[in-house]
Amino acid sequence: MTIDVLRGAPARVQTRVEQAVAKTALAVVADAQAAAPVDTGALRGSISADIRGAEAVVGPTVHYGGYVELGTSKMRAQPYLFPAADKHTPAFLDAVGDVGDAILP
């Protein structure tokens with residue numbers, strides 16, 4: 001292993017982590033949209049991801065998205081976002097865990 005490989009490692013780590021974040025965020029969006037209950041379609045259509053490097057925020061933009069997910073005293077919960085995130089968490093953790101192996105020879 002040369003010193004050049006080690007010098008370039010931080011940039012390669014950053015790139016791989018950003019790729020894992022983006023891939024996971026988009027997968028969570030797709031599954032959450034598929035699982036969201038539909039009345040008018042506004043909730044489903046508002047689910048998106050704001051991806052910025054190694055950080056992503058996934059969720060609906062309609063004000064009632066949290067009430068649908070968690071329920072209220074007058075309405076049962078209809079989870080769509082947490083199950084989607086839970087489904088993709090193991091693959092995300094594996095991808096991030098494999099970053100070191102992938103960048104060093």
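These notebook entries record what I looked up on salt bridges and pockets in this structure.

**Entry: the model**

I worked with a predicted model, in which local features need pLDDT of at least 70, side-chain atom pairs count only at pLDDT 80 or more, and totals for chains, interfaces and linings use all residues. Residues are numbered from 1 along each chain as its sequence is written, and side-chain values use heavy atoms, with hydrogens and water left out.

**Entry: salt bridges**

I looked up the salt bridges (a side-chain nitrogen of Lys or Arg within 4 Å of a carboxyl oxygen of Asp or Glu). I found two in the structure.

One joins the side chains of Asp31 and Lys87, at 3.1 Å from N to O. This pair links distant parts of the chain, 56 residues apart: Asp31 belongs to helix 1 (residues 3-35) and Lys87 to helix 4 (residues 81-97). Helices (H or I, at least four residues) and strands (E, at least two) are DSSP runs, numbered from the N terminus.

I also noted a salt bridge between the side chains of Asp50 and Arg52, at 3.2 Å from N to O.

Asp31 counts as partly exposed because its relative accessibility is 23%, whereas Lys87, at 55%, counts as exposed. Asp50 is partly exposed at 36%, and Arg52 is exposed at 61%.

**Entry: the largest pocket**

I looked up pockets next (on a 1 Å grid over the protein atoms alone, a pocket is an open set of points where a 1.4 Å probe fits, with protein on both sides within 12 Å along at least five of seven lines; lining residues have an atom within 4 Å of a point). A volume is the space filled by probe spheres set on the points, which are joined across faces, edges and corners.

The largest pocket holds about 180 Å³ of space. Thr24, Ala25, Val28, Ala56 and Val58 are the closest to its centre among the 13 lining residues. Helix 1, strand 2 (55-59) and helix 4 each give two or more residues to this lining. Helix 4 gives the most, with five.

**Entry: the second largest pocket**

I read a volume of about 160 Å³ for the second largest pocket. Its lining includes Gln19, Lys23, His88 and Phe92. Which element gives the most to this lining? Helix 1 does, with five residues.

Conventions:
Buried < 20%, exposed > 50% of the residue type's maximum accessible area, 1.4 Å probe, protein only.
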